[in-house]
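These are my notebook entries on one chain, written while I looked things up in its structure.

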Amino acid sequence: MLRRGSVLLTCAVLVFAGQAAAAGGAAAEPGDECTGSGDALRYLVLFDPGTSRAAARQEIAAACGRPTVYYPEIAVAVATSRSPAFAERIGADRTVSAQRLRGDEPTGRTQRQDPDRQAPQTALGSGDLSAAQWDMRAIGADVARAVEPGSRTVVVGVLDSGVDAGHPDLSRAVDPRLSASCLSGAPERSAASWAPTTSEHGTHVAGIIAAADDGQGITGVAPGVRLASVKVVDDQGYVEPQAAVCGFMWAARHGIPITNSSFFVTPGTMPCAPSDGYDVVREAVARAVGYAESAGTLNVAAATNEAVHLTASPESGAADDTSRGTCEALPAGLRDTVAVSAVGRDRVKAGYSSYGLGVIDLAAPGGTDGDCVLSTVPGGYAPLCGTSMAAPHVTGVAALLASREPGASPERLRDVLAEQAQAIACPGDYDLTGNGSQDAYCAGYEGYNGFYGRGMVDALAAVSGSPEQEASEPARRGVDAEQSQRDQVADVPEHRRVEHPGGQSAQELDPVVERNALNDVLQGLGVDRQRVEGR
């Protein structure tokens, strides 16, 4: 989430905007009982799997709504209605209007999308700026691209605020035929619809992935691949849930093998407590991400800039324990995504970056105050910080892997990214403010933990197949190859669930004792003397 004077990640708060386009013919005209006053609200609607397009349209019309689009593959529709009774008629557990939930919340929240820059924009024609790209050197991308720059057969979908196809570093990369706007929930293919308007965010993300290697400006991780500009972030910096669903479905239907999601979707602020309509949003997005995965699309997502402890989101159709009181981020918390945390030049988790064992898969450069990531913006170049910047580094490396292994499945790409990552141990002291207390707790062991997942993404390993592990001690115990990374988290309890031998919970202990208590538990699970909390 992007906060003024802070760091960058698209915070997706939901406002439904855009024109309604009937899918598959005109819907039945609502009767007099459907008459309402005021502007029509946009709704996301869930149906039972297997529901036909005709049946979905009929039910929407009977509830006084008009269909915008229906995705039969996942049984999710977008509709509009002026009737205040629409949600009641459909069922509150099946539909949500984020616009209605937001109510009178002030608009003009562009700071959620673009924070104040640390430095003035650098103009086009300023020569070679690669010396300022510390982030590329941190993951070996500056060397990797000499081995494999990426293939033109590989396309990366940039689900964001639009990409400036006129930027000289991106003009050859952006493919208009695969670009679209998803703001209404239904794809719009005109060039004006998917171009950036008020935000530079998408262009910045795109440059990290695929800016040209031409000796001018900056160079991306995979300068040889193509990009699809899929606009899901509106002019106020919000991502509506139907826009996210549309973006994932667009990628799946068009055979786009990799997408980047530097945003999170919720009905308001990021949910750290149950909120009205969130279950509907989660289910719709989970269905879309899951379908994209099954269709061959790997999604890489930013972990958010909320500096909170994240927990994994339930899978589509799974029961949710809303009593947890923990925080979720969509799509980063979903099983079918690669969630990325941000580190600074010192390879330590950035203070703003969210974290969580079982959620974070990899880490990548996102920058810290005074030392952000330089990339393309309309009209030039600028530094920005955030997990929004970290995620496209991983996306670019995934594109290099896809270039080396044409037809590789999302599972294959995910596994290789994890296997080749450079393990980073939990920090021994995570007191960023110097006040004597820990700013966050890192659960896990060196090879897999809540701050860095499997570790720092490695571009050079992706093109050479021989990553260099930087470990001074055994990284981890043996891992069952048949057990997924998210399943392995069950073997490492989170600190709040650990009970001290004396009966106290870990949260009641001071950080030092808490660290020791958790270490005792982990040793009992077979993790050989690895300090995990606060390491």
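**Entry 1: helix 8**

Which residues of helix 8 are buried? Before answering I noted that this is a predicted model, in which local features need pLDDT of at least 70 and side-chain atom pairs count only at pLDDT 80 or more, while totals for chains, interfaces and linings use all residues. I also noted that residues are numbered from 1 along each chain as its sequence is written, and that side-chain values use heavy atoms, with hydrogens and water left out.

I found that the buried residues of helix 8 are Pro241, Gln242, Ala243, Ala244, Val245, Cys246, Gly247, Phe248, Met249, Trp250, Ala251 and Ala252. Here buried means under 20% relative accessible area, exposed means over 50%, and partly exposed lies in between, with a 1.4 Å probe and protein chains only. Helices (H or I, at least four residues) and strands (E, at least two) are DSSP runs, numbered from the N terminus. Because twelve of the 13 residues of helix 8 are buried, this helix is largely enclosed by the rest of the structure.

I then checked the span of helix 8, residues 241-253, and it reaches 18 Å from its first C-alpha to its last, close to the 18 Å expected at 1.5 Å a residue. The expected span is 1.5 Å times one less than the number of residues in the helix. After helix 8 comes Gly255, with a positive phi near 65°.

**Entry 2: helix 7 and the whole chain**

I looked at helix 7 (residues 201-210) next and found it mostly covered, with ten of its ten residues buried. Among them are His201, His204 and Ile209.

Of the contacts (heavy atoms within 4.5 Å) between residues at least 6 apart in sequence, 77% join residues at least 24 apart.

In what order do the seven strands of the parallel open sheet stand? I read the order as 8-9-7-10-12-13-14, with parallel pairing. Its edge strands are strand 8 and strand 14 (360-365), each pairing on one side only. Two strands pair if DSSP finds at least two bridges between them. Inside this sheet I followed strand 7 to strand 10 (residues 258-261), where four bridges join the two parallel strands, and I saw that Val156 stands opposite Ile258 in strand 10.

I also noted an open sheet of three strands in the order 6-16-15, with antiparallel pairing. Strand 6 (122-123) and strand 15 (373-377) are its edge strands. Strand 6 pairs with strand 16 (residues 380-384) over two bridges, and Ala123 stands opposite Gly380.

**Entry 3: Asp169**

I found Asp169 in the loop between strand 7 (155-160) and strand 8 (180-181).

The side chain of Asp169 does reach the backbone nitrogen of Ile218, at 3.3 Å. Leaving aside neighbours within four places in sequence, Asp169 is in contact with residues including Ala210, Asp214, Thr376 and Tyr381.

**Entry 4: backbone details in loops**

I looked up the cis peptide bond that joins Leu330 and Pro331, and its omega is about 10°. Pro331 is in the loop between strand 12 (298-302) and strand 13 (337-343), and it counts as buried because its relative accessibility is 0%. Not counting residues up to four places away in sequence, Pro331 touches Phe248, Phe263 and Asn299, among others. The C-alpha atoms of Pro331 and Phe263 are separated by 8.0 Å, although these residues are 68 apart along the chain.

Thr304 is also in the loop between strand 12 and strand 13, and it has a positive phi of about 85° although it is not a glycine. Ala75, in the loop between strand 3 (66-71) and strand 4 (76-81), has a positive phi of about 55° and is not a glycine either. At 0% relative accessibility, Thr304 counts as buried, and Ala75 counts as buried at 0% too.

Notes
Polar contact = N/O pair within 3.5 Å; in protein donor to acceptor, adjacent residues only side chain to side chain.
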